[in-house]
Amino acid sequence: MKRFDNTGLLEALKNYDKSPSTSLTAGDTLLNEFIEDLYAYCRDESCIAERIRTLGFIRSEFATFMENDLPGSKKGAPLRKIIGKAIAAIDSELHIVKMDLEHPDRFLEFPSDNPPLARWGGKISDLIEYFTAPQAAGLLQHPSGQPMDFDGMCQWLEKNFGITISNPGDRRAKVLDRQKNTTFQDEMRQVYLLEAKKRDK
């Protein structure tokens, strides 16, 4: 049984009155992290009953806060937008559970003789960021030699890592919005430099 322990978004929203500007700035970032972690949890938690229980509890936390603790209409408008997106993400996962129960044959399963080639241990957005530049440069190609477009790259990542990338267009826009803060790329470069230093010793 997996545990969903991302409480950062809700805590930031609850502290809105203490630091409105900071809470809103952090809220957008934490919202993306919340959705990423929610997605990862739902893919990893194989027990449908536990997934439903957890999603229901998280949803009730956001809904209760919005109903009872949200600031007045004008002041609370930005928070309602963030909470609305969080609840929409939860409802989307609940819908997937419903569809999984009603139509189990529609969901992707990898045969035991044809599993994914690898497992990605980080966030899907980081994986997409990592491969976006090679794709844009035309370095990722189909066997025919034809450069992959972004959707083709996403399908390739799905096949090789056993993941699902929903709304590729939205994903691409969010990744490109990181141009001023490519934390993942910076971290990977530091890892590379450390490995190079180890070799030189």
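**Cores, cysteines and a pocket in a predicted model**

T54 is found in helix α3. Helices (H or I, at least four residues) are DSSP runs, numbered from the N terminus. The structure is a predicted model: local features need pLDDT of at least 70, side-chain atom pairs count only at pLDDT 80 or more, and totals for chains, interfaces and linings use all residues. Residues are numbered from 1 along each chain as its sequence is written, and side-chain values use heavy atoms, with hydrogens and water left out.

T54 is buried, at a relative accessible area of 8%. Buried denotes under 20% relative accessible area, exposed over 50%, and partly exposed in between (1.4 Å probe, protein chains only). With neighbours within four places in sequence set aside, T54 is in contact with F4 and Y41. Contact here requires heavy atoms within 4.5 Å.

The largest nonpolar core holds 24 residues. Such a core is a set of buried Ala, Val, Leu, Ile, Met, Phe, Trp, Tyr and Cys residues joined through side-chain atoms within 4.5 Å. The members that touch the most others are L9, L13, F34, L38, I58, F62 and I90. Two or more residues each come from α1 (8–14), α2 (20–44), α3 (48–68) and α4 (77–102). Helix α4 gives the most, with eight residues. Beyond its neighbours within four places in sequence, L9 is in contact with G27, L30, L31, F34, F62, I82 and A86. Another core, of 15 residues, lies apart from this one; I124, F150, C154 and I163 are among its members.

C154 is buried, with a relative accessible area of 2%. C47 is partly exposed, at 37%. A search of the whole structure finds zero disulfides (pairs of cysteine sulfur atoms within 2.5 Å).

The second largest pocket has a volume of about 290 Å³. On a 1 Å grid over the protein atoms alone, a pocket is an open set of points where a 1.4 Å probe fits, with protein on both sides within 12 Å along at least five of seven lines; lining residues have an atom within 4 Å of a point. The volume is the space filled by probe spheres set on the points, which are joined across faces, edges and corners. Of its 17 lining residues, F4, N6, T7, F57 and I58 are the closest to the centre of the pocket. Both α1 and α3 supply at least two lining residues. The largest share, seven residues, comes from α3. The lining divides into seven nonpolar, three polar and seven charged residues. Nonpolar covers Ala, Val, Leu, Ile, Met, Phe, Trp, Tyr, Cys and Pro; charged covers Asp, Glu, Lys and Arg; the others, Gly among them, count as polar.
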